[in-house]
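Please keep the sequence and the model open while reading.

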Amino acid sequence: MTADTNAKGSTASTRHRIVVGVDGSEHSIAALEWAAAQAQRSGVVLEIVSASVPGNQYLSRSEVEQCLQSNVDEATRRAQKLAPGVDITSATLAVPPEAVLIKESAGADLLVVGSRGLGGFTGLLLGSVSRKCVHRAKCPVVVVSKHETGSHAVRDQTETSVQDSSAHRIVVGVDGSPTSIAALEWAANQAELTGATLDVLMTWEWPYGYGWSPEPADYDPEHECESALSDLVKSIREARPSVSIQETAIEGHPSPSLVKASHGADLLVVGSRGHGDFVGMLLGSVSEHCVTSAHCPVLVLRDGQ
């Protein structure tokens, strides 16, 4: 079931696959569990990667490689137990972790990382590593934190049927920009795959100049937001009639609104940035705030992914 690979890359590079970075930390274990469950339900290869730069803690290259292999072996055993039947490959590389994770993301369906790592000998999946992956990976990135392992996002999805929608909810933020529309389509596909409810959120705010300059008498940003949201969701409802969709227009800034909505959710899906004119939703600052503050795993989808 397990195919080991070397620094040249994964043997599954031409197959549908999910790449996950591991370093033995609790955050990377949570990422592994999420990735294993996703690989099982979507029927793709799970590629487990552990990497480090030799000499970080005065260890020899052979000692570093031994530790990396231990990380991969333990992660493989855990993944096999959580997701029996999943095709698993692995790679251990003595290079900076962000470099190999970004490289291996090319052609992958997803890259899954912990929000931060051990901070010791490998330094894998520290905030700086996960942030670089979010900004530079060639595929959508899912960031998972340790505190999420008690939610439906990891444990329940590996222990219950993916068709049980009673406890599953996916939140997606939209603003009408191409990236947010792509995020909505990804989230809808995931909701259909898992049987989850899809919660589509759009925010609106009064213009900064309101009250100091005249506005049209019929200007109603809330109504405009609700109308735009309804138009975006309409095609999703028609394409996936089996998905239960809830659409919500909220006054306020998108960052706290999305973080609040992530409570109890399986997954929060956002675009890396939006168009910045109608509601300013999903700008880089918003997606980064969600990655660092959300109460569930966060998927960030960038332009062209």
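The model is a predicted one. Helix α3 covers residues 97–104, and six of its eight residues are buried, so the helix is largely enclosed by the rest of the structure. The buried residues are Pro 97, Glu 98, Val 100, Leu 101, Ile 102 and Glu 104.

Before going on, the chain as a whole deserves a brief look. Its secondary structure comes to nine helices and eleven strands. The protein chain has 305 residues, and buried residues make up 51% of them. Of the contacts between residues at least 6 apart in sequence, 78% join residues at least 24 apart. The chain exposes about 13,300 Å², of which carbon and sulfur atoms supply 50%.

Next come the charged pairs. Side chains of opposite charge can pair when their charged atoms come close. The structure holds ten salt bridges. One of them joins the side chains of Arg 17 and Glu 47, with an N to O distance of 2.6 Å. Arg 17 lies in strand β2 and Glu 47 in strand β3, so this pair ties together parts that are 30 residues apart in sequence. Are the two partners buried or exposed? Arg 17 counts as buried because its relative accessibility is 2%, and Glu 47 is buried as well, with a relative accessible area of 0%. The pair also belongs to a network of salt bridges that links Arg 17, Glu 47 and Glu 104.

Lys 132 pairs with Glu 98, and the closest N and O atoms are 3.5 Å apart. This pair links distant parts of the chain, with Lys 132 in helix α4 and Glu 98 in helix α3, 34 residues apart. Lys 132 counts as partly exposed at 34% relative accessibility, whereas Glu 98 counts as buried at 17%. The cut-off matters here: buried means under 20% relative accessible area, which is why Glu 98 falls in that class.

Glu 33 lies in helix α1 (residues 26–42) and Arg 78 in helix α2 (residues 61–82), so the pair ties together parts that are 45 residues apart in sequence. Glu 33 counts as buried, at 2% relative accessibility, while Arg 78 counts as partly exposed, at 28%.

Six of its eight residues are buried, so α8 is largely enclosed by the rest of the structure. They are Pro 254, Ser 255, Ser 257, Leu 258, Val 259 and Ala 261. What covers these buried residues includes β7 (169–173), β8 (197–204), β9 (245–251), β10 (267–271) and α9 (284–293). A residue of β8 gives one distance to check in the model. Met 202 is found in strand β8 and counts as buried, at 0% relative accessibility. The C-alpha atoms of Met 202 and Pro 254 are separated by 7.6 Å, although the residues are 52 apart along the chain.

The last stop is a charged part of the surface. Glu 205, Asp 220, Glu 222, Glu 224, Glu 226 and Glu 251 form a negative surface patch. Which element supplies the largest share of the negative patch? Helix α7 (residues 221–239) does, with three residues. Glu 226 lies in this helix and is partly exposed, with a relative accessible area of 38%. Ser 230 is also found in α7, and with a relative accessible area of 35% Ser 230 is partly exposed. The C-alpha atom of Ser 230 is separated by 9.6 Å from that of Ala 249, which is 19 residues away along the chain.

Terms used
Residues numbered from 1 in each chain as written. Predicted model: local features only at pLDDT ≥ 70, side-chain atom pairs only at ≥ 80, totals over all residues. Heavy atoms only, no water. Patch = residues over 30% accessible without salt bridge, like charges linked within 9 Å, V, L, I, M, F, W, Y side chains within 5 Å. Areas by Shrake-Rupley, 256 points an atom, 1.4 Å probe, with all protein chains shown as cover. Salt bridge = Lys/Arg side-chain N within 4 Å of Asp/Glu carboxyl O. Lys, Arg positive; Asp, Glu negative; His and termini not counted. Charge placed at Lys NZ, Arg CZ, Asp CG, Glu CD. Helix = DSSP H or I, 4+ residues; strand = E, 2+ residues; numbered from the N terminus. Buried < 20%, exposed > 50% of the residue type's maximum accessible area, 1.4 Å probe, protein only. Contact = heavy atoms within 4.5 Å.
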